[in-house]
Amino acid sequence: MIQLHQVCFSYGNKKVYDSFTMSLQKGSIYGLLGKNGTGKSTFLKLLAGLIFPDKGTISVGAFSPKNRHPDFFKDIYLIPEEFNLPDVKIDALLKYYAPFYPKFDKMKFDYYIKEFEVPIQHTFSQMSLGQKKKAIISFGLSCNTSLLLMDEPTNGLDIISKAQFKQVMKHTHNPEQCIIVSTHQAKDLESLITRVCIIDEQGMILDKNVEEIIHKLQFKFSQDAEEIERAAYVEDYMNHTKLIILPIHTPVLDNKLDLEMLFKAVVTNKQFIQQHLQ
Amino acid sequence: MQAYFNFSRFKKLVFSHWTEYKKRYLLFVIALFGIMFFGAICILLVDGRYAASEELQYALFHFCWITSACIFSGTFLSNLNDKSKGITYILLPTSIFEKFLCTLLYTIPVFFIVFTLLFYIIDIPYVALSNYIKYQDYLQSHSNNFGQYNNKFEPYKVISLFYDVQHETNLYSITTYRAFLQFFFVGLSLQAYFLMGSAFFKKFAFVKTILSAFVIMLFFTVYTFLMVKNNHVPERIVDNYFSAKPFIDSYYWICHAYVWYFKIGLGILFYIITFFHMKEKEI
């Protein structure tokens with residue numbers, strides 16, 4: 001569905017992507033992780049056509065984002081980290097903005113708004129940042145676009161709202177849709193994503209299905225010296241030791257992806273993890 | 001063609017734009033009304049007898065229209081320089097051409113119609129009040145002449161921008177068609193320049209637009225002055241009356257040149273640059 005071919009991009013002298021090639025498929029929820037300044041937001045902006053690659057090509061479905069074709073924009077929605085909503089009530093948003101998106105589902109929107117407890121009688125200027133964020137997430141999800149991009153969607157959400165976000169996202173599975181969620185809050189994504197992408201200064205260093213990862217790597221607490229010795233990654237956690245090890249017997253039961261640990265492991269022990277996930 | 005323009009999409013864009021900005025525009029209209037209203041009162045208080053001469057009404061119309069239109073246009077595309085607003089604006093599923101047309105719609109015809117209405121709402125009572133003051137003065141000045149009225153009282157008329165503009169009776173009068181059209185083209189071009197400034201400059205766009213306009217005009221004026229001084233201007237343009245005085249020649253030549261440039265489409269050039277800037281804008 002999405003193809004990036006030898007994409008080069010830089011901000012002035014600072015190179016962000018150098019000959020970056022990748023493909024993304026519909027029906028998946030991608031979790032995009034990376035350190036600050038490694039180009040997560042840039043990746044989303046390139047896909048949305050907000051910025052243009054210096055070299056290389058990007059195609060999203062039948063469109064090239066840099067052409068900014070209206071039919072392309074109809075089928076893509078970006079929830080940016082810093083967003084702007086007009087100072088209107090939710091019904092005005094629906095009346096004047098929803099018609100731009102032909103697959104917009106009003107029932108879904110009502111469900112999300114109710115689930116998120118967004119006050120519909122208020123205008124957006126009367127809402128808190130978290131409420132506005134929940135409103136724009138609801139709108140974005142209801143547009144049913146083939147590509148949904150979310151940049152730090154859980155920033156500004158309180159603990160309850162984060163739980164609501166997870167709840168809502170669990171109901172969004174659409175085999176025709178590709179969702180890319182960029183975040184620093186790895187914990188917020190653990191149970192939602194189907195594929196993990198990790199970016200660093202060299203480009204995409206990991207792009208794997210969650211199932212494949214938990215099949216090949218085991219995330220566990222252990223005090224076993226032998227296990228600690230052969231672990232790919234070790235971390236002390238409140239008088240315990242958290243490990244990522246290569247399982248001896250597969251499949252491993254009760255193995256749950258720990259995104260934060262995986263991210264740290266990939267960043268600190270990139271070659272080892274990459275080699276064993278091949 | 002559908003990729004560039006679709007009427008139903010354009011209609012949605014115009015309405016969504018109104019929904020988003022109506023409060024801002026209404027505040028602008030109220031502020032403009034207030035400034036024009038108090039400006040009119042000040043002029044009446046200074047000397048109400050001559051406040052509604054046709055020349056002054058035309059001058060006020062052109063001055064207020066050009067100034068307010070430049071202020072309005074000078075902030076119109078500032079969204080493009082704001083990260084969050086710019087993202088929303090660009091990603092709205094319409095073509096850049098439709099967004100540009102919507103910009104033109106609000107800044108040119110809609111603004112002109114609203115401004116003209118505001119002007120007449122103020123001008124009609126303004127002229128009536130000025131006539132009242134003039135008539136009182138007329139009565140007072142003639143009461144000393146023992147009822148001998150030497151001249152008839154002639155009230156001022158509310159100007160009509162579209163019917164009563166005089167023909168070329170006086171080339172330098174502000175009440176001629178020629179002057180009206182010249183002001184109109186100058187106004188449109190300045191508006192286009194301010195619109196371009198709002199799209200180009202990230203911070204303090206309005207101030208930077210004014211400063212850049214001054215720099216360009218200064219360069220152009222000095223250049224023209226030197227050209228005239230060194231007799232590089234085509235002869236037919238230099239007025240015989242002033243040929244011995246380079247500075248005065250330059251002044252007239254510059255005025256003619258500016259109007260000529262505005263007429264042949266300096267404004268269109270600014271609009272084209274703005275369109276391509278919108279098209280290529282990265283956020």
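**View 1. Polar contacts and salt bridges link chain B to chain A.** In this predicted model, 10 residue pairs are in polar contact between chain B and chain A, with both partners at pLDDT 80 or more. Salt bridges turn up here too: the count between the two chains is 2. One to look for pairs B:Lys23 with A:Asp87. Find the closest N and O atoms of B:Lys23 and A:Asp87, and you'll have two atoms 3.2 Å apart.

**View 2. Helices of chain B touch chain A.** Which elements give two or more residues to the side of chain B that touches chain A? They are helix H1 (7-47), helix H3 (83-91) and helix H8 (266-280) of chain B. H1(B) makes the largest share of that side, with 8 residues. Sort the side of chain B that touches chain A by class and you get 10 nonpolar, 6 polar and 10 charged residues.

**View 3. Chain A and chain B both put residues into the contact.** How many residues does the contact take from each chain? Chain B gives 26 residues, and chain A gives 26 residues as well. For chain B and chain A, the buried area comes to about 2500 Å². Carbon and sulfur atoms hold 64% of that area.

View 4. Chain A has 278 residues, and 54% of them count as buried. Now think about contacts in chain A between residues at least 6 apart in sequence: 67% of these join residues at least 24 apart.

**View 5. Chain B has helices and 0 strands.** How many helices can you find in chain B? There are 8, and from the N terminus on the elements read α-α-α-α-α-α-α-α. Of the 283 residues in chain B, 43% count as buried. Take the contacts in chain B between residues at least 6 apart in sequence, and 75% of them join residues at least 24 apart. Chain B exposes about 16300 Å², with 70% of that area supplied by carbon and sulfur atoms.

Notes: Residues are numbered from 1 along each chain as its sequence is written. Chains are lettered from A and ligands numbered from 1 in the order in which they are written. This is a predicted model: local features need pLDDT of at least 70, side-chain atom pairs count only at pLDDT 80 or more; totals for chains, interfaces and linings use all residues. Side-chain values use heavy atoms; hydrogens and water are left out. Contact means heavy atoms within 4.5 Å. Buried area is the accessible area (1.4 Å probe) that two parts lose on being put together, summed over both. A salt bridge is a side-chain nitrogen of Lys or Arg within 4 Å of a carboxyl oxygen of Asp or Glu. A polar contact is a pair of N or O atoms within 3.5 Å; within protein, one must be able to donate a hydrogen and the other to accept it, and residues adjacent in sequence count only if both atoms are side-chain atoms. Helices (H or I, at least four residues) and strands (E, at least two) are DSSP runs, numbered from the N terminus. Ala, Val, Leu, Ile, Met, Phe, Trp, Tyr, Cys and Pro count as nonpolar, Asp, Glu, Lys and Arg as charged, and the others, Gly among them, as polar. Buried means under 20% relative accessible area, exposed over 50%, partly exposed in between (1.4 Å probe, protein chains only). Accessible areas come from the Shrake-Rupley method with a 1.4 Å probe; for residues, only the protein chains shown count as cover.
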